[in-house]
2 protein chains.
Amino acid sequence: MREVLAQAAFQLFLERGFEQTTVDDIVARAGVGRRSFFRYFPSKEDAVFPDHERCLAEVTAFLAAVDDSDPVAAVCDAARIVLRMYSANPQFSVQRYRLTREVPGLRTYELSVVRRYEQALAGHLRGRFGEAGDEALRAEVIAASVVAAHNNGLRLWLRSGGAGDPEVAVDHALSLVRDVWGSGVERPAPVPVVASGGNEVIVMVAPKGTPMWRVVQQIESVVGQGSAEK
Amino acid sequence: MREVLAQAAFQLFLERGFEQTTVDDIVARAGVGRRSFFRYFPSKEDAVFPDHERCLAEVTAFLAAVDDSDPVAAVCDAARIVLRMYSANPQFSVQRYRLTREVPGLRTYELSVVRRYEQALAGHLRGRFGEAGDEALRAEVIAASVVAAHNNGLRLWLRSGGAGDPEVAVDHALSLVRDVWGSGVERPAPVPVVASGGNEVIVMVAPKGTPMWRVVQQIESVVGQGSAEK
């Protein structure tokens with residue numbers, strides 16, 4: 001019933017436009033009563049994104065059960081669950097993407113959903129890093145980076161009309177985030193960085209297992225802010 | 001007139017609640033006609049955030065004129081323009097923050113505004129890095145990181161009731177992003193990383209001026225993904 005309603009709604013949105021379609025139109029097309037619609041969907045917008053609640057629940061369950069040795073990898077894997085929801089149905093995903101571009105209310109709805117995924121990822125990272133200060137900050141920045149990277153790869157695929165496998169682009173995008181943030185787990189600090197006397201090179205020595213962000217912090221504490229350039 | 005309307009609206013939202021206040025209530029309190037309201041604000045939500053349009057214009061103008069030698073620093077400075085809009089009026093900002101927590105429609109409105117700032121920052125970075133492939137990806141991830149860091153610092157200040165100077169927390173948060181992403185400008189690649197034969201240390205040699213993300217990329221290409229740990 002839920003699926004029948006979602007399909008009827010989506011067909012009508014494509015035929016007549018989102019704003020021009022009423023809930024009465026949808027239930028007439030689906031051959032059910034008006035109250036049935038609201039039993040399954042709080043609003044017309046929800047019928048456009050029928051799988052996000054289930055997917056959010058899946059992401060949450062995954063993160064609750066995941067091996068916690070590498071929290072950044074775990075939230076990247078969680079993002080891939082969202083991707084698979086889109087890639088499981090390329091035609092629907094692409095049509096919905098185009099519809100969403102045209103209807104401001106759907107754009108806003110989508111932003112709210114994306115924010116909920118981001119909060120789920122940040123919550124997981126805070127659980128691993130800690131709730132306070134720089135740990136909470138790092139959790140939020142990494143979660144935002146993962147979401148931005150995922151959306152970049154997803155959008156490429158949607159704009160291409162859903163051709164090929166979006167996992168390739170998304171994996172690549174997520175690897176950029178992992179390269180920068182590493183495992184995100186605290187480990188002993190690297191030994192202090194030594195900058196050479198000359199102008200040509202810097203030399204950095206650190207214990208293996210040092211997370212990348214700590215390496216970066218240490219290099220910069222010696223050679224200056226923002227880049228390895230003095 | 002615009003300010004009088006915004007003040008009347010906000011007082012009523014605090015007194016009666018956002019949903020319970022009508023546009024008629026607002027114009028009665030302000031002592032003007034109903035059409036005046038809509039001349040200044042497309043909706044009730046817009047009256048809660050009367051300064052974002054001006055601030056978005058200011059951010060855009062700043063980025064159009066900024067010295068482009070360090071694009072990551074430039075988008076961090078652009079984020080500080082938004083912060084100053086909040087910190088210029090602590091009491092209003094804190095009251096609005098509390099109101100926004102309680103009204104889903106205002107939360108959604110705020111997400112749309114935040115997204116527009118993020119797009120302005122990403123657009124600037126794309127203009128500096130390039131529009132395609134990894135450059136566009138990097139632009140989007142950095143913009144999302146800057147926004148997340150800014151919002152983390154801003155939220156700390158709002159939750160504290162607007163005490164003290166929010167610039168301290170936001171500067172600190174933005175420095176985390178700059179530490180990781182550096183200037184973001186392409187420079188020659190570092191010379192290949194050499195991992196020592198032993199298990200204790202890695203040694204990295206790179207030309208000065210190498211951006212931090214490239215250093216990270218190079219270290220990881222030798223010692224493995226996600227951290228400096230094999």
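Modeller: Helix 9 of chain B is largely enclosed by the rest of the structure, because 20 of its 27 residues are buried. A residue is called buried if 20 or more other C-beta atoms lie within 10 Å of its own, exposed if 12 or fewer do, and partly exposed in between, with C-beta atoms placed from the backbone. Helices (H or I, at least four residues) and strands (E, at least two) are DSSP runs numbered from the N terminus. This is a predicted model, in which local features need pLDDT of at least 70 and side-chain atom pairs count only at pLDDT 80 or more, while totals for chains, interfaces and linings use all residues. Residues are numbered from 1 along each chain as its sequence is written, and chains are lettered from A and ligands numbered from 1 in the order in which they are written.

Helix 9 of chain B covers residues 133-159, and its end C-alpha atoms are 39 Å apart, which agrees with the 39 Å that its 27 residues should span at 1.5 Å a residue. The expected span is 1.5 Å times one less than the number of residues. Just after this helix, B:Gly161 takes a positive phi of about 85°.

Leaving aside residues up to four places away in sequence, A:Val146 touches A:Val75, A:Cys76, A:Ala79, A:Leu121, A:Leu174 and A:Val177. Contact here means that the C-beta atoms of two residues, placed from the backbone, lie within 7 Å.

Elsewhere in chain B, B:Arg96 is found in helix 7 (residues 90-102). B:Arg96 is buried, as 20 other C-beta atoms lie within 10 Å, and its C-alpha atom is separated by 9.6 Å from that of B:Phe13, 83 residues away along the chain.

In chain A, A:Ala169 sits in helix 10 (residues 166-181) and is buried, with 22 other C-beta atoms within 10 Å. Beyond residues up to four places away in sequence, A:Ala169 touches A:Gly153, A:Leu156 and A:Trp157. From A:Ala169 to A:Arg155, 14 residues apart in sequence, the C-alpha distance is 9.6 Å.

Chain A as a whole has 11 helices and 2 strands, and 39% of its 230 residues count as buried. Among its contacts between residues at least 6 apart in sequence, 62% join residues at least 24 apart.

On confidence, the model scores ipTM 0.80 and pTM 0.80. Chain A has a mean pLDDT of 86, with 79% of its residues at 70 or more; pLDDT is the predictor's confidence in each residue, from 0 to 100. Over residues 225-230 of chain A the pLDDT is below 50, and this stretch has 28 contacts in the model beyond near neighbours in sequence.
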